[in-house]
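Thanks for coming. Please have the sequence and the model open while I talk.

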Amino acid sequence: MLVVEDHATLAGRIAQGLSQAGMAVDTVYDGAAALEATAQTAYDVILLDRDLPAVHGDRVCRTLAGSGPRILMLTAAADVDDRVSGLELGADDYLAKPFAFTELVARVRALSRRAPSVPPVLRREGLAVDIARHRASRGDRPLSLTRKEFGILEMLLAAGGAVVSAEELLEHVWDARADPFSNIVSVTMTRLRRKLGDPPLIETVVGKGYRM
């Protein structure tokens, strides 16, 4: 997801909290940077402050509404007229500052589940991944997965057997700060395969990536 917030301290706290909740988070601090970031990365959810420098949040929302990512407006403007106008711009949800962080996480997760192509529980060959509850099991055996391992498994299952590149995994499961030249994806993949057990479920497609 993308956090667009011009107050750097608040943006950092939001990003840290969402990362701890198992989400891959990028952060930018103005509207122009938000439009540039969304042109390069397909985000699931955008957390958008309204009063932004460079390009106002209303214009960002109007530009991105309906293009794929869900938009949660986060702003100090809290009266009914402000909420209504924000939703009329195309935002999917609206949360006023100050807010309870648990509510923010719940709203972000609810928005990320709205994509009709991804069911709430992904299943394949005895493997079940419950996205909402962040749980996974194979047969009757619960799997103890890290946030990154869970994210990789979710992406591979959602791809429906299509190949997912290491670059795509790095982009969606980690964030913009991840080193693209590291072997972090392959290392995490090795741990995940070990936890999934036999028979193997994840295939390496040489030069392309991975698939279920």
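V121 has D130 as its bridge partner in β7. β6 and β7 pair in the antiparallel sense, over four bridges. Pairing here requires that DSSP finds at least two bridges between two strands. The strands themselves are DSSP runs of E, at least two residues long; helices are runs of H or I, at least four residues long; both are numbered from the N terminus.

Before going further, the ground rules. This is a predicted model: local features need pLDDT of at least 70, side-chain atom pairs count only at pLDDT 80 or more, and totals for chains, interfaces and linings use all residues. Residues are numbered from 1 along each chain as its sequence is written, and side-chain values use heavy atoms, with hydrogens and water left out.

Back to that pair. β6 and β7 form a hairpin, with two residues between them. E125 sits in this turn. Its phi is near 50°, a positive value in a residue other than glycine. Is E125 buried or exposed? E125 counts as exposed, because its relative accessibility is 63%. The cut-offs: buried is under 20% relative accessible area, exposed is over 50%, and partly exposed is in between, with a 1.4 Å probe and protein chains only.

A second residue shows a positive phi. A54 is not a glycine either, and its phi is about 70°. A54 lies in the loop between β3 (45-49) and α3 (57-64). A54 is exposed too, with a relative accessible area of 68%.

Now the sheet. Which strands form it, and in what order? Four strands make an open sheet, ordered β6-β7-β8-β9, with antiparallel pairing. The edges are β6 (121-124) and β9 (141-143); each has a single partner strand, so one side of each is left without a neighbour in the sheet. On average, neighbouring strands are turned by 20° against each other, direction ignored. For angles, axes are lines fitted to C-alpha atoms, for helices over the stretch in contact, and the range is 0 to 180 degrees between N-to-C directions.

Next, the β7 and β8 pair. Strand β7 (residues 127-130) and strand β8 (residues 135-138) run antiparallel and are joined by four bridges. A128 has S137 as its bridge partner in β8.

Two helices pack on this sheet. Helix α6 (residues 147-158) touches β6, β7 and β8, and its direction makes about 110° with that of β7. Helix α8 (residues 184-196) touches β7, β8 and β9; its direction makes about 165° with that of β9. Contact means heavy atoms within 4.5 Å.

On to helix packing. Two packed helices are described by the angle between their axes and the distance between the axes. How do α6 and helix α7 (residues 166-173) pack, at what angle and how far apart? The angle is about 125°, and the axes are 10 Å apart. That makes α6 oblique to α7. On this scale, angles under 35 degrees are roughly parallel, over 145 roughly antiparallel, 65 to 115 roughly perpendicular, and the rest oblique. α6 passes α7 in a right-handed crossing.

Which residues make the contact? From α6, K148, G151, I152 and M155; from α7, E168, L169, H172 and V173. They divide into four nonpolar, two polar and two charged. Nonpolar covers Ala, Val, Leu, Ile, Met, Phe, Trp, Tyr, Cys and Pro; charged covers Asp, Glu, Lys and Arg; the others, Gly among them, are polar.

Then S19, in helix α1 (residues 8-20). S19 counts as buried, because its relative accessibility is 19%. Beyond its neighbours within four places in sequence, S19 contacts V25 and R147. S19 and R147 are 128 residues apart along the chain, yet their C-alpha atoms are separated by 9.0 Å.

Two peptide bonds to flag. K97 to P98 is cis, with omega near -10°. P98 lies in the loop between β5 (93-96) and α5 (101-112). D198 and P199 are also joined by a cis bond, with omega about -5°. P199 lies in the loop between α8 and β10 (203-205).

Last, the whole chain. The protein chain has eight helices and eleven strands. Of its 212 residues, 42% count as buried. Among contacts between residues at least 6 apart in sequence, 53% join residues at least 24 apart.

Technical notes
Left-handed = near helix turned anticlockwise from the far one by under 90°.
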